[in-house]
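Please look through the sequence and the model below before reading on.

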Amino acid sequence: MSDRRLASTITVGGATNAGTFEAAELMAAGMSTREASDVLFEQNLVVAGSESTRRRLASATTKHLSFLEDDALRFVASREYGWELVMWLALVTESYVFAACAREVAWTRLVVDEAPLTASDIDDFVERQRGVDPAMSTLTVKSGQKVRSVFLRCMRDVGFIDEAGAALPVVVPVGVARLVNAAPQPWGWPMRESFPVAQFQFDVLG
């Protein structure tokens, strides 16, 4: 298992930032994360007003993509159906905090309880975990709130929830299921468990 104390949290942008396709194409063709970030920034593909925001968004977008294996990166670059779900795979591979929130909170609320996911659900989880989990112990109240805000934005971006936090019907394409099943397990559990959907959707053959 990776050292969870070094796991990043995600506080910029969302799951489907502008420029994602272009960055994935560049990286799938062999360009480095930094080089692809520079292209997004220089060509204003992230579509942000200020220079500093453009730089941060470009860096965040390429960083997310860097956590995908080659097959998954090409899947996004090709704009395959379900690419948003592959970006979720990237986010929960990048951030232990995101993965833990998805596995422990979102899945329970949306799938088990069939109830809306609220901001307070995530705030309560982060507060509890701050006292017992080294990966979350360094989160300040302010940073925890920022993580919660971006987490919910990403959940909406991918199509897991609506604006009110209610679950939306999500169909996991077979190609996505295979990518998720084959993904590395940096946090010690199958990455499919960080997807707040019925887990039988990942039971594919081959």
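Asparagine 44 is partly exposed, because its relative accessible area is 35%; buried means under 20% relative accessible area, exposed over 50%, and partly exposed in between, with a 1.4 Å probe and protein chains only. The structure is a predicted model, in which local features need pLDDT of at least 70, side-chain atom pairs count only at pLDDT 80 or more, and totals for chains, interfaces and linings use all residues. Residues are numbered from 1 along each chain as its sequence is written, and side-chain values use heavy atoms, with hydrogens and water left out.

Asparagine 44 lies in the loop between helices α2 (33-42) and α3. Helices (H or I, at least four residues) and strands (E, at least two) are DSSP runs, numbered from the N terminus. Although asparagine 44 is not a glycine, it has a positive phi of about 55 degrees. Glutamate 114 is placed in the loop between α6 and α7 (119-130). With a relative accessible area of 68%, glutamate 114 is exposed.

The next stop is helix α4. In this helix, which spans residues 70-77, the residues Ala72, Leu73, Phe75, Val76 and Ala77 are buried. What covers them? The cover of the buried residues of α4 includes α1, α3 (51-65), α5 and α10 (174-182). Alanine 72, found in helix α4, counts as buried because its relative accessibility is 4%. Leaving aside its neighbours within four places in sequence, alanine 72 is in contact (heavy atoms within 4.5 Å) with Val86 and Leu179. The C-alpha atoms of alanine 72 and lysine 146 are separated by 28 Å, and these two residues are 74 residues apart along the chain. Just after α4, arginine 79 takes a positive phi of about 60 degrees.

Threonine 20 belongs to helix α1, which covers residues 20-28. Is threonine 20 buried or exposed? Threonine 20 is buried, since its relative accessible area is 3%. When neighbours within four places in sequence are left aside, the contacts of threonine 20 are Thr61, Leu65, Val76, Trp83 and Met87. The side chain of threonine 20 also reaches the backbone oxygen of asparagine 17 at 2.6 Å.

Two further helices can now be viewed as a pair. The axes of helix α5 (residues 83-94) and helix α9 (residues 141-158) come within 9 Å and cross at roughly 155 degrees. Such axes are lines fitted to C-alpha atoms, for helices over the stretch in contact, and angles run from 0 to 180 degrees between N-to-C directions. Helices α5 and α9 are therefore roughly antiparallel to each other; angles under 35 degrees count as roughly parallel, over 145 as roughly antiparallel, 65 to 115 as roughly perpendicular and the rest as oblique. On the α5 side, Glu84, Leu85, Trp88 and Leu91 meet Phe151, Cys154, Met155, Asp157 and Val158 of α9.

Cysteine 154 lies in helix α9 and counts as buried because its relative accessibility is 0%. Not counting residues up to four places away in sequence, cysteine 154 touches Gly14, Ala15, Trp88, Leu91 and Phe98. The C-alpha atoms of cysteine 154 and asparagine 44 are separated by 22 Å, with the two residues 110 residues apart along the chain.

A disulfide is a covalent bond between the sulfur atoms of two cysteines. How many disulfides does a search of the whole structure find? The search finds zero, where a disulfide is a pair of cysteine sulfur atoms within 2.5 Å. Cysteine 101 is in no disulfide, and the nearest cysteine sulfur, that of cysteine 154, is 12 Å away. Cysteine 101 counts as buried, at 0% relative accessibility.

Phenylalanine 160, leaving aside its neighbours within four places in sequence, is in contact with residues including Leu85, Trp88, Met155, Phe195 and Val197.

Terms used:
Polar contact = N/O pair within 3.5 Å; in protein donor to acceptor, adjacent residues only side chain to side chain.
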